[in-house]
Amino acid sequence: MDDQVMKDEDSDHDQNPLRYPPPVKSAAIVTAATDYSFLKRASKRPRKEASTDSKSGAAPDNVPHGNERPQSSARRPTRRPFAPPARHTGRAPKSRITSTTEINTRRTMHCEEIYRRFKSMSVETKQYTRSDLSAVQHVRQLIKRCFDAAREGDSRSESFNELRDRLHRIQFYDFMCEAIIREARLFGGDDGLDRVLYNEDNVFPNDLQADAMMLYNHFYMFGCDPHLLRGIKTTRRTHDGVRNTKTHALDTKCSREIPANIYGASYLVNGQWWPLQICALRDGAHGVSEGGIYGSSKKGAYSIVLGGGSGYGDEDFGDRIEYCGTSSDKKDPITGQTVPTEYTMRMLESCDRVHNEIRVLRKAAQSSKAGTTYSPPCGLRYDGVYRIVGKVLLDAPTSMYRFTLERCSGQDPIRFQGPERRPTEYEKQKFHELGSF
């Protein structure tokens, strides 16, 4: 978008602020300023690495997520101190599913209703209250206060915290629609969110820029749906009339196909958060609903999930990670040597041949004692891109490797502490509400 379009108040961007993504000039969030055209040509992502149903992406609640590596049902070698204990190989009698019920996890308006409002409403046909409009317009007032505070040399003004809080809340407003975004002029103008995105005056901190970009991506790519599990179908199954299990799967009716087989950050923003790993699959952050490594043959690994308390010998130092592959018991028929698993092979390809950037998602620990300083309290958080700088063979009989990853330079700090930490208080509140289902 050229300068003339940005300056023209009657331009296409001002008339339809959700039509085009704004050009991000700030180096702090340059990884988020990506061409969105890949959404139109997105093909089905490869499922060779998935440890679950590759068509539905189902992730049972009673199966560990994240960094839990798939285990073979064959006889396992002696347990190593850097790997979790082998699972019991005996098979329990298969239970009979007596009933299947789809669960409505929404407490707000359903996405079809929002899309219907989004298409049918205009500025003239208002279907929101005056207080709703004021709540959105208040963002512009807070941006203006931040500029006034910066002119007076007060970079720690309370207005910045108020703006931060408002951006965290506005994502979950169930009355958001195109009409209210237009009338409130949330994007565009001298005091719209565009000023935060561009930050040409260096007024706003990096986390506010990232939050503004996250909000824009949310409206531009997913509409105004505030539900955390948008595009996810949740089902409860009753086994033998007694035991209940819950599964989450991509809803093919309303999910947009966003490929995860892309190097680098793609459109993701530092600190972006999801309640479940299948939500990261939905948004193209990690290509499998279970498993810690995602990649494709001869192209290396695209992303990994670092989960605290997984039983592996992983170590998290923030900008440096020691990450273990998976143990193998498969032998080469010719040499008789142990062959690495497919998951480990993807990491070896990235280390030895491709040398690509790998997205790192940190997952909440299974217990408070097992987590690290950088682990989120719940869900998963995107913490930028890393590169593999070294590897060590820990155990030759099981072909167990440990890889050293270092965070690429030029990125914003990891958002694990302070007022900029993610998940936000509102995201944690919504996460705990999901537990009631």
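The structure holds 9 aromatic pairs, where rings of Phe, Tyr and Trp (its six-membered ring) pair if their centres lie within 6.5 Å, planes under 30 degrees apart counting as stacked, over 60 as edge-to-face and the rest as tilted. One of the pairs is edge-to-face: phenylalanine 147 with phenylalanine 204, at 5.4 Å centre to centre and 90° between the planes. Phenylalanine 147 sits in helix H4 (residues 130-151) and phenylalanine 204 in the loop between helix H7 (193-198) and helix H8 (206-222), so this pair ties together parts 57 residues apart in sequence. Helices here are DSSP runs of H or I with at least four residues, strands are runs of E with at least two, and numbering starts from the N terminus.

Phenylalanine 147 counts as buried because its relative accessibility is 9%, and phenylalanine 204 is buried at 4%. Buried means under 20% relative accessible area, exposed over 50%, and partly exposed in between (1.4 Å probe, protein chains only). Ring pairs link Phe147, Phe160 and Phe204 into a cluster.

A word on the source. This is a predicted model, in which local features need pLDDT of at least 70 and side-chain atom pairs count only at pLDDT 80 or more, while totals for chains, interfaces and linings use all residues. Residues are numbered from 1 along each chain as its sequence is written, and side-chain values use heavy atoms, with hydrogens and water left out.

On confidence: pLDDT is the predictor's confidence in each residue, from 0 to 100. The protein averages 77, and 68% of the residues score at least 70. Where pLDDT is low, the predicted coordinates should not be read in detail.

Next, the strands. How many of the 8 residues of strand E7 (residues 300-307) are buried? The count is 8 of the 8, so E7 is largely enclosed by the rest of the structure. E7 pairs with strand E6 (residues 293-296) in the antiparallel sense over 4 bridges; two strands pair if DSSP finds at least two bridges between them. Isoleucine 293 has isoleucine 304 in E7 as its bridge partner. E6 and E7 form a hairpin with 3 residues between them, and lysine 298 in the turn has a positive phi of about 70°. With strand E10 (residues 358-363), E7 pairs in the parallel sense over 5 bridges, and glycine 307 has lysine 363 in E10 as its bridge partner.

Serine 266 has a positive phi of about 55° although it is not a glycine; serine 266 lies in the loop between strand E4 (243-250) and E5, and counts as buried at 8% relative accessibility. A cis peptide bond joins arginine 422 and proline 423, with omega about 5°, and proline 423 is in the loop between strand E12 (400-407) and helix H11 (425-434).

Finally, histidine 355. Histidine 355 also has a positive phi, about 60°, although it is not a glycine. Its place is the loop between helix H10 (342-354) and E10, and at 46% relative accessibility histidine 355 counts as partly exposed.
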